[in-house]
Amino acid sequence: MLKPLKPYSVLNSEAIITLSCFVTVTVGINTITYGCAIGFPAILLPQLKSPNSELEVTKKSESWIAAILALSLLAGNFVSPFIMVRLGRKIAHFTVSVIFLCGWYITLLASNVEVLIIGRIFLGIAGGILSTLRSILVGEYTSPRNRGAFLSTLSLTQAFGIMLVHLIGSLFSWQKTALMCVFFPFISLIMIVYTPESPSWLIAKGRYNESRQVFRWLRGNDEDNELESMILARMAFEQAKIKEYKDGNCFRRWFQTIKKKEFYKPILILIHSNTILHFSGGTTIASYSTVILGHLMGPKANVHFWMVFLDVQRVISNSIFVYIINRTKRRIMIFSTGALSLVSHVAIAIFIYLKTSGWNYDSIWLPALLINIQFFAVAVGTVPLPQVIGGEVLPLEYRSIGGTISLATGGSIMFLVLKTFPELIDNCGLHGTYVVYTMVIFVNLLLIGVFLPETKGKTLQQIEDEFRGRPLRLEEIEARQSLQSNPVENYKRKMSESNTIIETYN
């Protein structure tokens, strides 16, 4: 089952690029599906609240429909490493497509709100697995020469998925929209059958001859040095009898680790940047865009048109981000876009407050300008920057646990924002909600300013030394050199280094 294409003949450069595009498109289609799942509540909830709806929805169930995706994302995040390591990247990707199919079919056939929530749980689990898997797939299948370009498409395809579901849902019922969303994982499912297993996973399982065939089929003969170095490191790992740090109390070692500045400072930065990501509108606009636009622009506005317009703007802004991120310092980017987000939140809060206080202003262009400024800040800075910063501030030694903590906190904050948004709107109004979000963004932006050094143009070791507050001592260098001679650690380091760029785009 799921056997890759054979024979594994060595391809020319044009065919290799085509094959890399095929693999990336396969991942991209499922990422579009994930974007559709994120944006689906924006078109689902208004239809459920209409007088003609066959399903009854309350404020409580409305928030659960939107927020349950975030909780199930956490489950998918924690299941994903097990599937990827034990069963392989290909089976993991196949599993994502199957769960997406189940989720959309359950949503399509839902006869009550409870079944809708179950469908959202399936979509969230698939999205959680995919969010860990997608950049690893692209990173392991493609050449380093083109990897950055292929990885940069992931954020674009997710934004495209949100835009597409908003567009389709503006024209058709939510059931027909769900039916159309079924086709994306189905197409990806068929394409996965024709992709090979990851050569990195084959090496990890000791299937060296097969990994050589697949690697050369994917990359040609020009990158054999990378292949052979990974194989040699794995063979040394298998032959070594050294056990990994089994010389003391694991709780004492963990306590010593969390006291290190180079460990806890990057974690705090990621927590605060994820908080800004979700409170700045990256989460609420995708799921509650019709609610926000209705309050902001008034009953006469065509909220579905403006929803799709903002989605198009997001895709364009994401493309701008890909261009400017390598040309701008990280602190300048995060503080300029964070400040722009603060200004737009304050301006929107003042505008809504004046409108509710009796200001007679019927033109659409001022609220349209304000929401576009907010969305530009979201698309260019507050949403993509945490992933970039996470790939730079986490030391390789702690990247696994650091990434897990980042995913867990990000999912928890996303759930909190989506679950509480309807109640905040009812109790405080949109202007009060934006005031609360402004304070949260401001506090977290200040804390990032305290902890985050400039990382652009610096090596991972330089960044780690800056967090530590000093270079490594002689005994620490010697300990690391000793550690590097350990075949177990050498293999882990080889695999981490080969995927370092992947973390930036995850």
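Predicted model: local features only at pLDDT ≥ 70, side-chain atom pairs only at ≥ 80, totals over all residues.
## Basis of the values

Residues are numbered from 1 along each chain as its sequence is written, and side-chain values use heavy atoms, with hydrogens and water left out. Local features need pLDDT of at least 70 and side-chain atom pairs count only at pLDDT 80 or more, whereas totals for chains, interfaces and linings use all residues.

## Overall fold

The chain holds 21 helices and zero strands (DSSP runs numbered from the N terminus: H or I of at least four residues for helices, E of at least two for strands). Of its 506 residues, 54% count as buried (under 20% relative accessible area, with exposed over 50% and partly exposed in between; 1.4 Å probe, protein chains only).

Among contacts (heavy atoms within 4.5 Å) with a separation of 6 or more, 82% join residues 24 or more positions apart.

## Ser 341

Ser 341 lies in helix 14, which spans residues 330–356. Ser 341 counts as buried because its relative accessibility is 0%. Leaving aside residues up to four places away in sequence, Ser 341 touches Ser 280, Ala 377, Thr 382 and Ile 441.

## Pro 386

Helix 16, residues 385–393, contains Pro 386. Pro 386 has 6% relative accessibility and therefore counts as buried.

Beyond residues up to four places away in sequence, Pro 386 touches Leu 270, Ser 273, Asn 274, Leu 277 and Gly 381. The C-alpha atoms of Pro 386 and Ile 271 are 9.2 Å apart, although 115 residues separate the two along the chain.
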